[in-house]
Amino acid sequence: MFARDYMTKAIAAVHPDDLVIDVAKTMQHEGIRHVPVVENGRLVGIVSRNTLRDASPSKATDLSKREINFLLSKMKVREVMKKEVITCGPDAHVEDVARTMQTKRIGAMPVVEKGKLLGILTNNDMFRILMKILGMDGPGVRITLEIGRGRGELLVDIVKAAKDEGKTIKSLVSIESPLPGRQTVILHLDASDMTEVLGTLKSRGFEIISVDEVK
């Protein structure tokens, strides 16, 4: 899964000389939280809603509200934008991008190639990717099972049980269980009647925790 395949390509980029007040209105109207700053075709910074919210004159207690609003109306993006931007290339794995965004505590990462802005990956994009990985991007059935940790070979039996009954697998995820020595397996199938699949899994000794319809 690469950044180029999941990034948002229609980017509302701004110029360093754009007025902060205009950019804030655009972000509010479009419902976006991060906007790359581009100059001469190259990424030079990024602004967020938090950046714009904090864009106020320092020690403004001696200024009147009218004076503060006047100063804000004249403030340009280059005065408040974050210049050191964490970026990734189009061939970056989205898993690595997600980890960097989490560890660096950033809500968006521009996708850049040779300085040119190609797109952006945001927290919303990451949630969308997660839903796809988990098979939650469309209707189906979710079967949650528990297996012993280190018994990865059992995944083959789970897949075979679904395929033998003619079911299409949307996703199969195995994660560490909260229970010691156990592994949780989440199987998403693109079907509704799971009677035969469940019967096959039970006959093969699998511990089924829950079966849920995904709408």
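This is a short exchange about a predicted model and the terms used to describe parts of it.

Visitor: Why is Phe127 called exposed?

Guide: Exposed means over 50% relative accessible area. Phe127 has 53%, so the word applies. Phe127 lies in helix H6, residues 123-133.

Visitor: What makes Phe127, Leu130, Met131 and Met136 a nonpolar patch?

Guide: In a patch, nonpolar side chains are joined within 5 Å, and each residue has over 30% relative accessible area and no salt bridge. Phe127, at 53%, is over that cut-off for area. Together the four residues have about 340 Å² of accessible area.

Visitor: How do you know that Asp125 forms a salt bridge with Arg128?

Guide: The closest N and O atoms of the pair are 3.0 Å apart. A salt bridge needs them within 4 Å, so Asp125 and Arg128 qualify. The two are three residues apart in helix H6, which means a separation of about one helical turn.

Visitor: Is Asp125 called buried or exposed, and why?

Guide: Buried means under 20% relative accessible area. Asp125 has 6%, so it is buried. Arg128 has 43%, which lies between 20% and 50%, so Arg128 is partly exposed.

Visitor: What makes Arg149 and Glu176 a salt bridge?

Guide: Their closest N and O atoms are 3.7 Å apart, and the limit is 4 Å, so the pair counts. Arg149 lies in the loop between strand E5 and H7, and Glu176 in strand E6, so the pair ties together parts that are 27 residues apart in sequence. Glu176 has a relative accessible area of 58% and is exposed, while Arg149, at 39%, is partly exposed.

Visitor: Which residue meets Asp164 in a salt bridge, and how do you know?

Guide: Lys160 does, at 2.9 Å from N to O. Lys160 and Asp164 are four residues apart in helix H7, about one helical turn.

Visitor: Why is the link between Asp164 and Arg204 called a polar contact?

Guide: The side chains of Asp164 and Arg204 are joined at 3.4 Å. A polar contact is a pair of N or O atoms within 3.5 Å, so the distance meets the limit.

Visitor: Why does Lys167 have no salt bridge?

Guide: The nearest side chain of opposite charge, Glu196, is 5.5 Å away. Leaving aside neighbours within four places in sequence, its contacts include Ala162, Leu189 and Asp193.

Conventions:
Residues are numbered from 1 along each chain as its sequence is written. This is a predicted model: local features need pLDDT of at least 70, side-chain atom pairs count only at pLDDT 80 or more; totals for chains, interfaces and linings use all residues. Side-chain values use heavy atoms; hydrogens and water are left out. Patches are made of residues with over 30% relative accessible area and no salt bridge: like charges are joined within 9 Å, nonpolar side chains (Val, Leu, Ile, Met, Phe, Trp, Tyr) within 5 Å. Accessible areas come from the Shrake-Rupley method with a 1.4 Å probe; for residues, only the protein chains shown count as cover. Buried means under 20% relative accessible area, exposed over 50%, partly exposed in between (1.4 Å probe, protein chains only). A polar contact is a pair of N or O atoms within 3.5 Å; within protein, one must be able to donate a hydrogen and the other to accept it, and residues adjacent in sequence count only if both atoms are side-chain atoms. Lys and Arg count as positive and Asp and Glu as negative; His and the chain ends are not counted. Contact means heavy atoms within 4.5 Å.
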